[in-house]
Amino acid sequence: MASAAAEPQWLEKRIDCTSTTMWDVGTAAFEVKVVHKTGSNEYIIGVTPELSSTWESILRLGKQNLLHLIGTRHSHTEWARFANDFPLIRRAKGEDVCMKFDGNAVTISYDSSFLGPFRVPDGKYSPCVLTCWCDTCLVIQYRPLCKRNSSELQICDKLFQDRKFTDASLMCGGHQIPVHRCVLAAASPVFERMLESGMREGHTTTIELQDVSPEAIEMMVRYIYTGDVSPMLDQLSELFVLGNKYMIPSLVSDIGNLMVQQLDKTNGKDILHVVRRHATCADKYSVELWDKIMAKLHDDRELMQGVLETFCCSSADEISHQ
C-alpha cells in the first residue's frame with residue numbers, strides 16, 4: 001500500500017470576489033486543486049511565467065497554458081471576450097479540478113477526464129487562477145513537487161543505462177537486474193529495510209521478486225532511476241502492484257493516471273481487479289482511482305460493454321476448463 005507520508009504537504013488558500021491570483025509555490029513543479037464553494041462558478045486556471053499580472057500578458061501565453069471553467073454562461077462582455085480564447089469545460093458546485101505542472105508541461109484532470117500534457121516554453125512558471133464575479137468563492141490546495149534539473153536527469157539516466165559499480169541485484173524468474181543499493185533504498189522504504197536489516201536480502205545483496213514479470217521489474221527500476229515510465233498496456237496492473245508493495249507513491253500515482261487514460265477492453269479486467277483489491281483494503285488513493293474508473297465506464301457505453309464482454313469471456317473459459 002502506498003505511503004502518504006512521502007507526499008509533500010498540501011497548503012491552502014481562499015479566493016473571494018474578482019481577482020487575478022498568482023503565487024510562488026517555491027519549486028519549478030507543482031500540483032493545484034481548485035474547488036468551487038459558493039457564488040458564480042466561472043474561473044480560469046493555468047500557469048503563467050514570472051508572476052505576470054495582466055490579462056493581456058496571460059492571453060499572449062497561448063491556449064495550452066490555461067483552461068476556462070464555467071457552470072453557467074454569463075454576459076460580462078469583457079470577461080467573455082477574454083475567457084472564450086481558452087478551452088472550456090463545465091463543472092458544478094463542489095466539483096474539483098486538478099492541475100499538475102512538472103516543469104515542462106501542464107496536465108488538467110477532473111473526474112475520469114484528462115487534458116494534456118500541454119508543453120510550455122522554457123522558463124519559470126507559477127500557478128494562476130482568475131475570477132471575474134464578485135460572489136465567486138474558491139478554495140485552492142497546492143503543493144510543490146520535486147523536479148530534477150537537467151544535470152541530475154543526465155546523471156540518473158547514465159546510472160540506469162550504464163549500471164556500473166552496482167552492488168545489488170533483483171532476481172525474477174531467473175532474470176537478474178543489477179541495481180545500486182543506495183538508489184533502491186532512497187526510493188523505497190521497503191527496499192531500504194530489506195537491504196539494511198538482518199534479512200537474507202541484506203546479506204546477499206540479492207532481492208528475489210515473485211509473481212511478477214521481469215519486464216515489469218525492469219520498468220519499475222527505470223522509473224526509480226529516471227522518473228520515466230512508458231509501460232505496455234499489459235504492464236499497468238503489475239506496476240501498480242509493485243508501486244504499492246514497495247511504497248513508491250509517485251509510481252502508484254503516475255500508473256493510476258495511465259490506468260484511467262488507457263483503460264480499454266483488453267486491459268480492463270486486470271485493472272479493475274487490482275484497483276478494487278487495493279480499494280477494499282481502505283487505500284485512499286485506490287478508492288479515488290476506483291471512482292474515476294467507474295465514472296469513465298459510466299460515461300463511455302462502448303468501453304463498458306467491451307470490458308464486460310471480456311469479463312464474461314474469461315469466466316466462460318474458466319468454467320470450460322474445470
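Is E31 buried or exposed? The points below take up that residue and then other parts of this predicted model.

1. E31 lies in strand β3, which spans residues 29-38. Its relative accessible area is 14%. Because buried means under 20% relative accessible area, E31 is buried.

2. The side chain of E31 has a partner: a polar contact of 2.9 Å joins it to the side chain of R143. R143 is also among the residues in contact with E31 once neighbours within four places in sequence are set aside; the others are W10, M99, K100, Q141, Y142 and L145.

3. On aromatic rings, the model holds five aromatic pairs. One aromatic cluster is made up of F30, F101 and Y125.

4. Helix α5 runs over residues 189-196, and its buried residues include V190, F191, M194 and L195. These four lie on the same side of α5, because they cover an arc of only 125° around the axis. An α-helix has 3.6 residues a turn, so residues three or four places apart point the same way.

Methods. Residues are numbered from 1 along each chain as its sequence is written. This is a predicted model: local features need pLDDT of at least 70, side-chain atom pairs count only at pLDDT 80 or more; totals for chains, interfaces and linings use all residues. Side-chain values use heavy atoms; hydrogens and water are left out. Helices (H or I, at least four residues) and strands (E, at least two) are DSSP runs, numbered from the N terminus. Buried means under 20% relative accessible area, exposed over 50%, partly exposed in between (1.4 Å probe, protein chains only). A polar contact is a pair of N or O atoms within 3.5 Å; within protein, one must be able to donate a hydrogen and the other to accept it, and residues adjacent in sequence count only if both atoms are side-chain atoms. Contact means heavy atoms within 4.5 Å. Rings of Phe, Tyr and Trp (its six-membered ring) pair if their centres lie within 6.5 Å; planes under 30 degrees apart count as stacked, over 60 as edge-to-face and the rest as tilted. The arc is that of the directions from the helix axis to the C-beta atoms.
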